[in-house]
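Visitor: I would like to learn how to read the features of a protein model with some care. Please take me through them one at a time, with the general idea before the case at hand.

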Amino acid sequence: MRLKPPLLFIPGLKPHCSQAIGIFRNELAKIPERLDHLASDPGLKVFPLSEPMLECQVSLGAMELSLKPYDLAILGAILVKGEELRRAGHTWIGFCELDSDLQPWDRSGARKPILSALYNNFQIWVYSDFLVEDIEELPTGWI
């Protein structure tokens, strides 16, 4: 489904504002094409939220995580998908998390206890960047 950018007409709008709005509308119109291109990448699998992921989101919402509903949905998807991959035979799961709300550490590097425990319990390794390195040794009990 293609979304059309809203038409905007504001009398007396300054020329530079009109230009910025034009650029915004142009970029907004490109989003569906960019998403289609991203989804066609062979190294990336786009998947919808499943019922188990949504159930996990509800359970996570009862914990004291202080996350927004969208972040809870993403975290639920990460945990459930990690479990699915492990059941499919993958020995460890790792991913890059750039959203500071979902990282298991704070700005000073101290562990966030609840998020750290969740990732550890689900045996999910979290990287802070896309420079994924080999792990020399996984935590005890992960394999």
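Visitor: Which side chains meet in a salt bridge with Arg 86?

Guide: Side chains of opposite charge can pair when their charged atoms come close. A salt bridge is taken here as a side-chain nitrogen of Lys or Arg within 4 Å of a carboxyl oxygen of Asp or Glu. In this predicted model, where local features need pLDDT of at least 70 and side-chain atom pairs count only at pLDDT 80 or more, while totals for chains, interfaces and linings use all residues, the side chain of Arg 86 meets that of Glu 83 at 3.0 Å, N to O. Residues are numbered from 1 along each chain as its sequence is written, and side-chain values use heavy atoms, with hydrogens and water left out.

Visitor: How are Arg 86 and Glu 83 placed in helix 3, and is Arg 86 buried or exposed?

Guide: Helices are DSSP runs of H or I with at least four residues, strands are runs of E with at least two, and both are numbered from the N terminus. Arg 86 and Glu 83 lie three residues apart in helix 3, so about one helical turn separates them. For accessibility, buried means under 20% relative accessible area, exposed over 50%, and partly exposed in between, with a 1.4 Å probe and protein chains only. Arg 86 counts as buried at 18%, whereas Glu 83 is partly exposed at 29%.

Visitor: Which other salt bridges can I look at, and how many does the structure hold?

Guide: The structure holds six salt bridges. One of them joins Glu 84 and Lys 81 at 3.4 Å, N to O; these two are also three residues apart in helix 3, about one helical turn, and Glu 84 is partly exposed at 27% relative accessible area. Another joins Arg 34 and Glu 27 at 2.9 Å, N to O, where Arg 34 is partly exposed at 45% and Glu 27 is partly exposed at 32%. Glu 27 and Arg 34 are linked with Lys 30 in a network of salt bridges.

Visitor: Which residues have the most contacts inside the largest nonpolar core?

Guide: In soluble globular proteins, nonpolar side chains tend to be buried together. A nonpolar core is a set of buried Ala, Val, Leu, Ile, Met, Phe, Trp, Tyr and Cys residues joined through side-chain atoms within 4.5 Å. The largest one here has 20 residues, and those with the most contacts inside it are Leu 60, Leu 65, Leu 75, Leu 79, Leu 118, Tyr 119 and Ile 124. Helix 2 (51-61), helix 3 (69-87), strand 1 (93-96), helix 4 (113-121) and strand 2 (124-127) each supply at least two of its residues, with the largest share, six residues, coming from helix 3. Leaving aside residues up to four places away in sequence, Leu 118 touches Leu 60, Met 63, Leu 65, Leu 75 and Leu 79, a contact being heavy atoms within 4.5 Å.

Visitor: What is the order of the elements from the N terminus on?

Guide: The protein has four helices and two strands, and they run α-α-α-β-α-β. Buried residues make up 26% of its 143 residues. Among contacts with a separation of 6 or more, 51% come from residues 24 or more positions apart.
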